[in-house]
Amino acid sequence: MAFPTGTTTITVTINRPVPAGGAGNSGRIIFTPSAVLVDATHKAIYSGSGAATLDTNGAANITLLTTDAAGVLPTGWRWHVDEQLPGARRTYYIDLPSTLGTTIDLSALSPISAPDGSGQSIPPSGPAGGALTGTYPNPQLSAATTASFDAAGAASAALASAVVYADGKLAKTANLSDLGSTNTARLNLGLGGAAVLNVGTGAGTVAAGNDARITGALQTGATAGGDLTGTLPAPQVTTTHLAAPLPIAQGGTGSATQPFVDLSSDQTVAGNKTFSYYTTLEAGQVNGAFNLLGAVGFYGAAAAGRQTIAGSRSDGTALASLLAALNLQGLVADTSTAGPGAMTVLGGTTQLTPTGNAATDATAINAAILAMSQRGGGRVLLSGDAWAISSSITPRSNVTLAGVPGTVITHAASSNIVYGSTVAFTNFTLEDLTFAGPVNEFPAAPKRARTTSGVGAQTAVFLSGDLDTTGSGQAQLSNFTMRRCTVQNMTALPIRIGGVRGKVSVTNCEFTNNQDCGFLFCQEVIFTGNHVMQSADNGVSLSRGSQKITCVGNTFENCAYNGIWVAGFNTDKGPQNFTLAGNVIRNVGYNGIYADYAPRYGAITGNEIDCGYYRGPSDQTSDVNGAGIYLGGYPVTDRANPTDWAQGIEVVGNHIRGAARAGVYLNGVRRVQVIANLLADIGTQFLADGTTTITSADATQNIGILMENAATSANVTVALNDVIDSRGTAFCNFGLVPQNTAGINAYLNTMIGTRQASNLLETGPARTWQSTQIYNQDIKATAGVTSGSNAGSGTIEGSRVNGAAGSVRAFVWQTAGLKRWYARTNGTAEGGSNAGSDWELNAYDDTGNLLSTPIKVTRSNGQVAVNGTLAQNAHRISGASAATVAAAAQSASAAAASNGANDSSGTINTTAVASPAAGTIATITYASAYTAVPKVTLTPRNAATVTAGLYATAEGTGGFSVATANAPGASASLSFSYHVEG
């Protein structure tokens, strides 16, 4: 038993040795105070019992309060001892004064009378021993004792003793005639001389009644006199004789008018009365005001003075003090109990210890909770023992049910340990308790089914308030808190909290080897700092109808289904207003975080998720799930035609790895952001059957970010995510699927090591950049690049390729990643005078190696070199500068550039002189000189020119002349065309 520090105690040691050759001892000895004790000094109430359980050697000890402890009322109490040993039971009282010291053995104490004075010793009970056999209270001599008895010897000894004894004794038949001396005998008997005299009227005799020697005696029938009248022996008092009232001192009233108080019959007595000593009222009643002064006692209790009530009403100590006072004066017989075992009320805390009886302990816990709630609230503290209960604990308002280290609560039936539904409460708390169930299988990997051992609790805490639509008739439950508790091995949900108003807070708890921690239809849920492992379902289910959810800083391991379920169920949609942040999730059968049934307005940020590549629990494999984070719409039975969507949700800054199907899985979402997540090593080699290979082209499995039924989603941003497969053999197929949909806006994502390297993760509408964007890697635009717009004006530069002098700046055309054409400025250094950085067009073969340079343009002079056959399949129209045409000696008129004569071609018309001779008829000077002498081709345009034998002469880089080999006709019209190729 526990007593407050400072109380006077003594340790009682117990030794019940094991019989020789016998089995180990067992049993217990229970010590109970003979009254409910009130300790005014330490503000405590001591009631109930303390048990000392014998060990295998029959030894035990217990610390008890001394019976003379200061400040403990009532005085004169004793310890009642109940020895409960196998096959025997003995009860008695003992006194434990402080003068015995600090330690005393029970065998050194003698039984004493009970506090009410009954009995000095207590009849023994149980089996008899020694020379006796049978059981008390009627033992008999044992057979061994009887067998060892010498009957003949005993008879002879008895006869001799009787002879000695009888010698000198009076004989009954002698009638005292055998006395040695009658006078001596008379004197020894104290008899006087009258003892030997006869009765008579004369001398030497004892006087007879009519002896004249008797004088002054009143005879029967004589007349009375004085204050008396009538005859003897029954005279009467003469009532008229008193001249004045009889004084009170002589037994009168002292007054001529004051009536005599006849206490033997009904009579009304007025005025104040003083009783100088105790008065007993054995029947009847007192009506009206009645003052008692001095000490009083009732029902045989010793008279005691006016009692003082101490303590506080709020913690129950005042009530205990009152009960002790009433019990002391005999007004009540206080047999109230404080619950199982010992109960101590200290301040606002009630402390309980178990009795070992499941029904008694459950009743006592509920009684203590109710009493504490009725006093305005406080703590009910369970001792650090194993508590087995047979009925559920009912929550009450403003009560904390707590345990000291080692407190474990179990249930004797398949039921709920704490159950609240029809009894309203506000502000109920569970603290530092362990709840245990019967599950006895502890799988190391996600698994649904579990085995159990016997019958036990299915749920530690089951609450169903009036907001819970799964039931009816519930009371209003508000504000529930659970902290630093452990729940293990439940056959169902460890906690099921439904329809609670206000705030539900579950923090810093351990949930091991149960199903999911469930919350539904609650106004606010805070689930932080908890550790959930080996769940046969989800880690936590933040389910339908719940609002204002905070799920932060938890750890979930080896959950059969999902680490965190933030979703609806059946026809109920998912919760709203939630934050899932900073959680660690490892090894889950389905998904790390499952946000489905159209949840709204949430943040999923900074979570560390390692799914462990599981495709379902070991006994329920599946290829449907397997996502790090899943977001889905409603209903789940028709994904292609949602009527509501997961919306207003951001998935930001999560690290996801080991997801079997997808890092992030979207299906029926709107206004969702997937930003800055690291998705590592996504996908598996096989499907759940372990044999079907997932191909690299599969766009439904092994995806970094998968959007299924993309047409049902809208306003989805996927940005700044990294999809990386660092495994020696990569299994992640695509970074993002699908690539082209109006519902997704993807940009600035990175993909490394995936099977499909061309998956660029860049889609979505056009974006306007107001500043220079710098990219240190390739920019891949699968739909092309457009510069400018329909409304563009002025100079619009499509692109620039910049580099230092002597660098190669190029555009490349590829087939399957291999070069086919390469347009570039070559690496010729720029040495001044516009030299260097000439432009080339290169051709490459099928293996990506250089074939030729079909075209080269020299920057300094603009010369174009065509290295190959130039096929002209259309008109050639010259656009060169106009050349200068002048008449020569054999031309009678100035030449005319009739067809736009220029540096590359033209038509010349002229007239021969009257007496022509063979010779020059025209000179053409180029507007721009060629770097080398070009080839000039002349074509006559009429017969006269043909006859004249036209040819080019004086060809140079600056021009050429046209002459005739024959003298043309007098004043003949001459016409020809020229073509220059440089």
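## A first look at strands, cores and salt bridges

Strands β1 and β6 (residues 59-65) run antiparallel and pair over seven bridges; two strands count as paired if DSSP finds at least two bridges between them. Strands (E, at least two residues) and helices (H or I, at least four) are DSSP runs, numbered from the N terminus. This is a predicted model, in which local features need pLDDT of at least 70 and side-chain atom pairs count only at pLDDT 80 or more, while totals for chains, interfaces and linings use all residues. Residues are numbered from 1 along each chain as its sequence is written, and side-chain values use heavy atoms, with hydrogens and water left out.

Let's stay with β1 for a moment. Within its pairing to β6, Ile 10 has Leu 64 as its bridge partner. Strand β1 is also joined to strand β10 (residues 103-105), in parallel, by three bridges, and there Thr 13 is partnered with Asp 105. In a regular strand, side chains alternate between the two faces of the sheet. In β1 (residues 9-15), Ile 10, Val 12 and Ile 14 form the covered face, whereas Thr 9, Thr 11, Thr 13 and Asn 15 form the uncovered one.

Now step back to the whole chain. It has six helices and 70 strands, and 38% of its 982 residues are buried. Buried means under 20% relative accessible area, exposed over 50%, and partly exposed in between (1.4 Å probe, protein chains only). Of the contacts in the chain with a separation of 6 or more, 59% are between residues 24 or more positions apart; a contact means heavy atoms within 4.5 Å.

Next come the nonpolar cores, sets of buried Ala, Val, Leu, Ile, Met, Phe, Trp, Tyr and Cys residues joined through side-chain atoms within 4.5 Å. The largest has 86 residues, and Leu 430, Phe 435, Met 482, Phe 519 and Leu 631 touch the most other members. Helix α5 (residues 358-374) gives the most to this core, with five residues. Apart from it lies another core of 27 residues, including Val 12 and Ile 14. Beyond its neighbours within four places in sequence, Leu 430 contacts residues including Leu 401, Val 418, Phe 435 and Met 482.

Charged side chains make links too. A salt bridge is a side-chain nitrogen of Lys or Arg within 4 Å of a carboxyl oxygen of Asp or Glu, and the whole structure holds 22 of them. Here are some of them.

| Pair | N to O distance |
|---|---|
| Lys 447 and Glu 441 | 2.5 Å |
| Asp 466 and Arg 501 | 2.9 Å |
| Arg 657 and Asp 610 | 3.5 Å |

Arg 657 lies in strand β48 (residues 655-657) and Asp 610 in strand β45 (residues 608-610), so this pair ties together parts that are 47 residues apart in sequence. In the Lys 447 pair, Lys 447 is partly exposed at 22% relative accessible area, while Glu 441 is buried at 19%. Arg 379, Glu 431, Asp 432, Arg 483 and Arg 484 are linked in a network of salt bridges.

Gln 890 is buried, with a relative accessible area of 14%. Its side chain reaches the backbone nitrogen of Ala 917 at 2.7 Å. Other residues in contact with Gln 890 include Thr 911, Pro 916 and Ile 921.

Conventions
A polar contact is a pair of N or O atoms within 3.5 Å; within protein, one must be able to donate a hydrogen and the other to accept it, and residues adjacent in sequence count only if both atoms are side-chain atoms.
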